Amino acid sequence: MEPDARLEDAEATASGTVDTLRHLLSSLGSLLNTAAGSAAAEASTGARSLPALSQALRRLWFQTPVGATWDSKEQAVWLCKLLAVKEGNKSGLLSFYGAGLLVSEGLIGFAEHALAEKDSAPDAAWLSMAVTVQAHLQGHHWEQLQRWPADRRCGGGSDPLLSADRLPTSVKRSLDLEGAKLSKTQAAGLAAAMILPGAMTIGMGGLGVMMLVKSARERTRSSGDPSEETAKGGDKWQRIQAACLRHAHELLRRKTCPIEVRYQLANEGDNSPKSIRVSLYSTGDMICAVPVGGMSMNGTGGDGTCLLRPGESFALRPPSSADNFRLRVYRPGTIFDEMLHDGIEVCRGDRLEIEPCANGRQVRCFAQPLRGVAAWEG
């Protein structure tokens, strides 16, 4: 086969990978039948890269309850791999090949636990498509896919589905994909194994230099021992994984330990605010101009402020590595908000009930954290 023809086939594989993963994420969002699922389906429609799909999947995880069926340590490892797609891409280390394997494995793992919450499970057709993506990535063009960066833009074709019949015969035989019908056991086994060309498996504890762009480039220049550049790339990749695991634990705490606030009227009165704004600030922020997360973009999710009407409640999940915050309460205004409470210190996991005072110009905050019950007047 001519080099140009091989490149065209590799580009078709890359486009098919992105398109199929978009389709899988959109289908999963529809199956969940939630606001978060609809948002994920919409985000996947416009995604043209693996990091974009990884971000949409992280946001879907953050907004979807998974209950006790998913161990927190397993969740952290799963989330670490998705974060590695983002950080590995930012550093220029992660290849399209590695990102594709991580995103496809992430989709399978999340689908299993998210649907279990609804007493359901991914069907055989959905699993077959997910595993076929992994098989195509490990097919004839895996070396070219390793040379391309994780954020290579592609996809958008009219046919989003990869067919198992198009796989090389050797791949179909080794992965037992002949006939393109996979059992759930086969699909789960492939997702867990992460089989790589020239190696056995990638363990849960490390993602391996086979994922990296630079290691692929090095192999094209020399078949000997890895160069110093490759060794440095591997060391940097290990540091990225460690940072991603720390961030994964932070996100898990952000999701599972919200600060719950509720606006409750003790007595109906004309002076009571019709609505209030609750905002969280850094404990060291003396100005309190911008709530926590007010300037963040393209994150996993979380809110540092909310608007409440009487009887409404909200779970604040401030996007920050901190656990303690300064909470302020305002009456929304046309131009400037009127402060009703100058601030108390709250911690992730706290629950507060906010009541207006009789004069309507202040509120009281009743907190019920683990340390006991207390009340503060603004």
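Predicted model: local features only at pLDDT ≥ 70, side-chain atom pairs only at ≥ 80, totals over all residues.
Visitor: Which strand do 6 bridges join to β5?

Guide: That's β2 (residues 276-282), running antiparallel to β5. Two strands pair if DSSP finds at least two bridges between them, and strands are DSSP runs of E, at least two residues, numbered from the N terminus, while helices are runs of H or I, at least four residues. Residues are numbered from 1 along each chain as its sequence is written, and side-chain values use heavy atoms, leaving out hydrogens and water.

Visitor: What is the order of the strands in the open sheet?

Guide: In general, strands of a sheet pair through backbone hydrogen bonds, either parallel or antiparallel. In this sheet, 4 strands follow the order β3-β2-β5-β6, with antiparallel pairing. β3 (305-308) and β6 are at the edges with a single partner strand each, so one side of each has no neighbour in the sheet. A hairpin of 6 residues links β5 to β6, and Val329 also stands opposite His341 in β6.

Visitor: Which residues touch the most other members of the largest nonpolar core?

Guide: A nonpolar core is a set of buried (under 20% relative accessible area, 1.4 Å probe, protein chains only) Ala, Val, Leu, Ile, Met, Phe, Trp, Tyr and Cys residues joined through side-chain atoms within 4.5 Å. Among its 59 residues, Leu28, Trp61, Phe96, Phe110 and Trp126 touch the most other members. Helix α5 gives this core its largest share, 12 residues.

Conventions
Buried < 20%, exposed > 50% of the residue type's maximum accessible area, 1.4 Å probe, protein only.
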